[in-house]
Amino acid sequence: MSLESLRSPAWDRLLTLARRRLERSGGELSGSITLPLPSDAERKLIIGITGMHRPSAVKSVKIHLSDLDAAVYREHETSLVAALAVLNGPVRNRPAEKAEEEHVRAEAERDARRRAGAHAREEWFERFISQLGADGTITRLVRRGDADQLSWACEVLALLPAQSVSIPVLAERATGNTKALSGTPIATLVLRALAARDGVGPPGTAGERRERWESAGVIVDDLASQVLVVGLRPKEDHIVADWLRGAADFGIPFRLTLHQLTGDPTSLVQKNIYVCENPAVLRAAAAELEDRCAPLICTEGQPSAACHRLLARATGRIHWRGDFDWTGLRTTAMAIGRYGALPWRMSTADYVAALDAPLAETEPLKGPPADSAWEPELAVAMAARGRAVMEERIIPELIGDLRLR
């Protein structure tokens with residue numbers, strides 16, 4: 001089809017405006033376009049099409065799409081829409097495209113909820129889906145034809161939390177592909193979901209990504225997964241146990257890897273085992289108590305896979321505490337459910353005393369609230385005060401509990 005006359009400068013802007021209008025209206029010819037500051041050639045062309053005179057000083061000219069369509073047909077025996085398709089590709093039906101995109105997006109969200117299993121009923125999962133919608137992630141996945149990546153991510157989530165499973169094994173169980181979670185968009189989506197669950201921002205570093213995986217029982221690297229301890233005296237007869245007993249005799253903090261704990265399983269046989277969140281507590285206890293420090297394990301935030309592996313072999317009573325913030329409440333609740341732990345100075349009275357202490361350093365509570373089932377009044381008091389208190393504020397009291405009599 002020869003459309004050479006339509007390639008002239010006089011037609012160029014008219015056809016560009018016509019394409020935009022047709023794409024917005026879904027191909028309707030009932031509207032019109034307005035050409036600002038027409039050139040002399042454009043003005044004369046429009047006069048010829050409409051039969052209406054426009055003076056040379058006119059600021060803009062208006063022409064109905066139906067008149068433009070008729071002019072194209074008279075000259076080339078084809079419609080305006082067909083001519084535009086030949087010149088610069090098919091005229092898009094943007095309303096239909098938007099409706100289809102919204103349909104696919106809604107179906108992607110429904111499928112994600114179906115595949116997420118029990119998590120779909122949890123508030124954090126809805127927050128995760130809402131975040132993906134608000135920042136355009138789901139729309140981008142749909143436009144790339146990758147909406148199934150969200151579905152696969154939810155298949156992974158349905159298998160979490162796990163019990164010390166490696167990433168390749170988890171990936172194979174969920175997707176059939178051992179590499180599906182090796183730095184892929186699916187892995188990014190899963191990590192964003194775990195961050196929403198924990199009330200933190202999406203992980204940006206390798207350490208943060210490892211922490212999120214380990215919080216769900218997934219092992220990224222058995223050498224990188226570590227736990228800080230002091231005062232441990234296991235009964236086993238192997239090299240790791242020897243190291244721990246030697247360190248305990250001198251009050252020296254010791255860092256265990258998951259690799260060591262897997263190769264040389266180590267039991268915690270003391271009557272009472274204490275768990276804190278911040279290294280400053282363990283450091284202070286080791287410095288002051290030396291070999292008189294009770295067994296103390298530091299999670300350094302979210303418990304690592306190494307930490308869980310060690311605590312799983314505890315035969316004594318576990319006393320657990322964290323910061324007085326929402327994450328601290330969540331990890332304490334987890335420890336109670338998983339290990340039957342006793343909250344350690346995690347009462348309302350402890351919180352209020354730490355908060356009201358002279359020169360107490362506090363910060364605003366951040367992230368979604370958490371419950372304190374062991375003492376519901378604690379979460380209520382924290383929400384009312386709106387302040388977080390780090391456990392460093394009560395180090396003297398904690399050291400008093402840790403002193404071996």
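In which helix does Glu23 lie? Select Glu23 and the run around it: this residue belongs to helix 1, residues 9–25, where helices (H or I, at least four residues) and strands (E, at least two) are DSSP runs numbered from the N terminus. What is shown is a predicted model, in which local features need pLDDT of at least 70 and side-chain atom pairs count only at pLDDT 80 or more, while totals for chains, interfaces and linings use all residues. Residues are numbered from 1 along each chain as its sequence is written, and side-chain values use heavy atoms, with hydrogens and water left out.

Stay with Glu23, which is buried at a relative accessible area of 8%; buried means under 20% relative accessible area, exposed over 50%, and partly exposed in between (1.4 Å probe, protein chains only). Leaving out residues up to four places away in sequence, Glu23 touches Pro90, Val91, Arg92, Asn93, Arg94 and Pro95, contact meaning heavy atoms within 4.5 Å.

Now zoom out to the whole chain. The secondary structure comes to 19 helices and 12 strands. The radius of gyration, taken over C-alpha atoms, is compared with a globule rule of 2.2 Å times the number of residues to the power 0.38; the value for the protein chain is 33 Å, well over the 22 Å that the rule gives for 405 residues, so the chain is more spread out than a compact globule. Along the principal axes, the C-alpha atoms fill a box of roughly 105 × 50 × 35 Å. Of the 405 residues, 46% are buried, and among contacts with a separation of 6 or more, 67% are between residues 24 or more positions apart.

Next, select Phe125, Phe128, Leu150, Leu160, Leu181, Val190 and Trp213, the residues with the most contacts inside the largest nonpolar core, which has 38 residues. Such a core is a set of buried Ala, Val, Leu, Ile, Met, Phe, Trp, Tyr and Cys residues joined through side-chain atoms within 4.5 Å. At least two residues of this core come from each of helix 5 (94–115), helix 6 (123–134), helix 7 (137–144), helix 8 (148–158), helix 9 (167–175) and helix 10 (185–198), and helix 10 gives the largest share, 8 residues. Beyond its neighbours within four places in sequence, Phe125 is in contact with Ala112, Arg113, Ala116, His119, Ala120, Cys154 and Leu157. Apart from this core lies another, of 34 residues, including Tyr274, Phe324, Trp344 and Leu402.

Within helix 8, pick Ser151. Ser151 is buried, with a relative accessible area of 4%, and touches Asp111 and Arg115 when residues up to four places away in sequence are not counted. Then move to Pro161, in the loop between helix 8 and strand 3 (165–166), where a cis peptide bond with omega of about 0° joins Leu160 and Pro161.

Two backbone sites complete the tour. Most residues other than glycine have a negative phi, and most peptide bonds are trans. Leu37, in the loop between strand 1 (32–36) and helix 2 (40–50), has a positive phi near 45° and is exposed, with a relative accessible area of 61%. Glu300, in the loop between strand 8 (296–298) and helix 15 (305–311), has a positive phi of about 55° although it is not a glycine, and at 34% relative accessibility Glu300 counts as partly exposed.
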